[in-house]
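Student: I am new to this structure and would like a close look at a single part of it. Could you take me through the sheet and what surrounds it?

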Amino acid sequence: EISAVTFRVGIFAIIALVAGIMARNLRRQREAAEVQAGVASALADREAVAHAELEAFHDVVLAGLAGRSFESTMSNVVRTIAGVFEYETLAIGVVEPGTEPPSVRCVAAHGFPEGTIGLVLPAGKGIVGRALATGQPELVPDVRKDPDYVEWVPGTLSEMVVPIRVG
């Protein structure tokens with residue numbers, strides 16, 4: 001009778017040991033699956049961002065192709081970029097040929113007051129002029145602290161200017 005009890009206790013000990021090993025393995029598998037799920041989620045997020053960027057690029061290209069003149073093309077592009085990226089304001093300016101120092105003429109605008117298109121800003125005047133003079137992008141998080149800021153849209157808090165050169 002003692003040997004039967006010892007045998008049963010031994011069997012229960014072996015079952016408990018196997019159950020513990022199985023539980024530890026299942027926990028490791030769950031942790032590995034959670035890591036893989038995190039990686040897959042991050043990849044899906046990156047894919048969604050890349051898809052949105054590609055779609056935005058596609059929309060801008062189509063908007064550009066729809067224009068019948070330089071002015072209408074620029075207007076379409078500005079309107080599309082502002083819509084896709086939810087910009088409150090956006091403008092595109094081009095360097096006026098034959099001006100010294102160079103000046104920039106606004107050719108398309110979204111969210112700016114009437115009369116903005118056609119305005120000319122000389123190099124060195126405002127944040128746009130500074131970017132034109134230096135050829136470097138400008139990011140001003142708080143225009144109220146920038147002495148060069150020229151207010152075109154009341155209530156503007158930040159401004160970004162990116163000079164783009166052709167050739």
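Student: How many bridges join S2 to S3, and do the two strands run parallel or antiparallel?

Tutor: In this predicted model, three bridges join S2 to S3, and the two strands run antiparallel. In general, the strands of a sheet pair through backbone hydrogen bonds, in either a parallel or an antiparallel way. Here the sheet is an open one of three strands, in the order S1-S2-S3, with antiparallel pairing. S1 and S3, the latter spanning 120-122, stand at the edges with a single partner strand each, so one side of each has no neighbour in the sheet. From one strand to the next, the twist averages 35 degrees.

A helix belongs to the picture as well: H2 lies across S1 and S2, and its direction makes an angle of about 60 degrees with S2.

Turning to the largest pocket, we find about 1,500 Å³ of space in it. Of the 40 residues that line this pocket, the closest to its centre are Leu90, Ala91, Met160, Val161 and Val162. Among the elements that give two or more residues to the lining are H2 (70-85), S1 (90-95) and S2 (103-110), and the largest share, six residues, comes from S1. By type, the lining divides into 31 nonpolar, six polar and three charged residues.

Finally, Trp152, which sits in the loop between S4 and S5, touches residues including Cys106, Phe112 and Leu121. Trp152 counts as partly exposed because its relative accessibility is 24%.

Definitions and conventions
Residues numbered from 1 in each chain as written. Predicted model: local features only at pLDDT ≥ 70, side-chain atom pairs only at ≥ 80, totals over all residues. Heavy atoms only, no water. 1 Å grid on protein atoms, 1.4 Å probe; cavity = no way out; pocket = protein on both sides within 12 Å on 5 of 7 lines; lining within 4 Å. Points joined across faces, edges and corners; volume = space filled by probe spheres on them. Helix = DSSP H or I, 4+ residues; strand = E, 2+ residues; numbered from the N terminus. Nonpolar A, V, L, I, M, F, W, Y, C, P; charged D, E, K, R; others polar. Buried < 20%, exposed > 50% of the residue type's maximum accessible area, 1.4 Å probe, protein only. Contact = heavy atoms within 4.5 Å. Pairing = 2+ DSSP bridges. Axes fitted to C-alpha atoms, helices over the stretch in contact; angles between N-to-C directions. Lists of a residue's contacts leave out its neighbours within four places in sequence.
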